[in-house]
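Hi,

Here is the structure I promised to pass on. Have a look at it first, and then read my notes below.

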Amino acid sequence: MLFATFENDGNIGIKNLSEYIPLIDEKTTDWKLKDKRPEVIEKIKVLPHLN
């Protein structure tokens, strides 16, 4: 799941961007950007309160 929180003229909004994950992955590959998810997942796995 991917969500974005934003402020709009004093109001806080949340938008679900999960449907765009495949497009984001495609652009990441096209632009030759490094996939940092494995690194982040490893950092999360060592946190006892999140496992």
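Let me start with what I mean by a patch: it is made of residues with over 30% relative accessible area and no salt bridge, where like charges are joined within 9 Å and nonpolar side chains (Val, Leu, Ile, Met, Phe, Trp, Tyr) within 5 Å. Accessible areas come from the Shrake-Rupley method with a 1.4 Å probe, and for residues only the protein chains shown count as cover. A salt bridge is a side-chain nitrogen of Lys or Arg within 4 Å of a carboxyl oxygen of Asp or Glu.

Two notes on the source. This is a predicted model, so to speak of local features I need pLDDT of at least 70, and side-chain atom pairs count only at pLDDT 80 or more, while totals for chains, interfaces and linings use all residues. Residues are numbered from 1 along each chain as its sequence is written, and side-chain values use heavy atoms, with hydrogens and water left out.

Now the patch itself: Val40, Ile44, Val46 and Leu47 make up a nonpolar one on the surface, with about 330 Å² of accessible area together. Val40 belongs to helix α2 (residues 37-45). Helices (H or I, at least four residues) and strands (E, at least two) are DSSP runs, numbered from the N terminus. Val40 counts as partly exposed because its relative accessibility is 43%; buried means under 20% relative accessible area, exposed over 50%, and partly exposed in between (1.4 Å probe, protein chains only).

On to the charged pairs, where the count of salt bridges comes to four. One of them joins Asp25 and Arg37, with the closest N and O atoms 3.2 Å apart. That pair links distant parts of the chain, as Asp25 sits in helix α1 (residues 21-30) and Arg37 in helix α2, twelve residues apart. Lys34 and Glu39 also meet in a salt bridge (2.6 Å, N to O). Lys34 is exposed at 58% relative accessible area, whereas Glu39 is partly exposed at 36%. Then there is Glu42 with Lys45, at 3.8 Å between the closest N and O atoms; both lie in helix α2, three residues apart, about one turn of the helix. Salt bridges with shared partners join Asp25, Asp35 and Arg37 into one network.

Finally, the strands. β1 (residues 3-8) and β2 (residues 11-16) pair in the antiparallel sense over six bridges, where pairing requires that DSSP finds at least two bridges between two strands. Phe3 stands opposite Asn16, and Thr5 has Ile14 as its bridge partner. The two strands form a hairpin with two residues between them, and Asp9 in the turn has a positive phi of about 55 degrees.

Cheers
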